[in-house]
Amino acid sequence: MSTSPTAAAPSQSIWELDGTQLESWVVSTQTLLPKADDCDQVQKMGIGEKLLQNLTASLKSLIPPKKDAEEPPTKRAKKESDNNRDDIPPEINDPFGAWVGQTDEPPPVEGAILVQLTTAGMINALTNIPDGFVTAKLLPTSPETKKDSIIPSAHNITYQQLRHYALALQRVVQTRLEADFLATTPVRIQDMLCPDLAAHEFKAVRKRVYETVMEGRGRHVGEADLDEEVPVASRTAEHDIERDKKCHVCNNQNQAEFTLDRKNGDIICTQCGTVAMESLMHEGSQFRKFEGELDRNHHGDAPNKLFSNAHNMATTLSGAQATSYAGGPGFGSQKKGIETVLRNAHAYTELNISQFGKGERKTRIGYKDRQKKDAFVQMTHIGDALHLHEAVVQRAKEIFAGFRDDRELVQSFKAVVCACLILSFE
């Protein structure tokens, strides 16, 4: 993608298109035009124009009316409180049944309404019949309607033909929606992490991360540090899950099309359903641990090559919980028990163990590991919110770990996390 100042601005997403823009886009897709062998050219154009006219009118009727700005504050507050109640459904003006199967209030833009229409809503929008032509279960509202029934409001085409056009238009809309999601994902990542950062500042942060990690031009490249050992996880054997997988039935090598069945320990090819690997060993914790509960695990997590040896080989203190209670010792209380003192001393030791016996002024390894852990949590949350593939999030973690290990100081922490996610996604 060109980043020159003279490059053309990207087109709007489909959920941002108004009625005129959406009409132009639907015409450009030629989805509502029947096949050439169905009818002659004149009737072909007539059907397309009529279906598009019905669709535009139906979407326009769903747009909520603008709220009166001069409404008294008390009346407006009461109306907002009534709309926020769960037991009172919102009043939706749906004269043609296009919003069938939906419970939320329609958005104020035609494009955003179109992407949320169900198949039944798409059929009703194309017919433009009062109270709808089909129900939410795609059953005709009139018992006399059949597959070969003529629909006068849809330029005298049959119900079977209308359903074909509705499904075709829905597929085109979903394809455009997926493409717009991919195109706007970097922008949405930046809006979630650092919306107030200027464009030139984020560009500088991204360039710094790219040169340090992707091009290998970091500050500590080529330095021979004899005191630093290879991380424990890098010396361990590669797990079967991390290896490149290949299906022996359909020869599928796309790693994104393999899924892990965590219950049985099998890796399954989603293209043909073949079990590529079976009975894999789980290297994580044996039991789940929730906050405030006793840890029943006899070992820690598996070594992570993105962290240092001090983090992978660290010990933990179990037994007394780190929560405070009324009248008892805990964090923030004046009365400290021996468990709290030992826990604080242990945390201080683990954080500063890399600097013991050294006179050089460098960033503590434990502090770097703590920043990595915070960054990884944020990346996981962003990945869940934007439905990013786990491979994208994992690659972003690797980029951040490489950048954090190279730099003694990380400025604009959230901007660096954002840059790592965007570089990994691209």
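Which residues touch the most other members of the largest nonpolar core?

## The largest nonpolar core

In this predicted model, the largest nonpolar core has 36 residues, and those that touch the most other members are Trp25, Leu51, Leu114, Leu117, Leu126 and Leu169. At least two residues of this core come from each of the helices α1, α2 (41-62), α4 (110-115), α5 (119-127) and α6 (159-193), and the helix that gives the most is α6, with seven residues.

## Helix α1 and its two faces

Helix α1 spans residues 19-29, and its buried residues are Gly19, Leu22, Trp25 and Val26. Because these residues cover an arc of only 125 degrees around the axis, they lie on the same side of α1. The face turned away from that buried side carries the exposed residues Thr20 and Ser28. Just after α1, glutamine 30 takes a positive phi of about 60 degrees.

## A three-stranded sheet

Three strands, in the order β3-β4-β5, form an open sheet with antiparallel pairing. Strands β3 (258-261) and β5 (275-277) stand at the edges and have a single partner strand each, so one side of each is left without a neighbour in the sheet. From one strand to the next, the twist averages 40 degrees.

Strand β3 is joined by four bridges to the antiparallel strand β4 (residues 266-269), and leucine 260 stands opposite isoleucine 267 in β4.

Methods:
Residues numbered from 1 in each chain as written. Predicted model: local features only at pLDDT ≥ 70, side-chain atom pairs only at ≥ 80, totals over all residues. Heavy atoms only, no water. Buried < 20%, exposed > 50% of the residue type's maximum accessible area, 1.4 Å probe, protein only. Arc of directions from axis to C-beta. Pairing = 2+ DSSP bridges. Axes fitted to C-alpha atoms, helices over the stretch in contact; angles between N-to-C directions. Core = buried A, V, L, I, M, F, W, Y, C linked by side-chain atoms within 4.5 Å.
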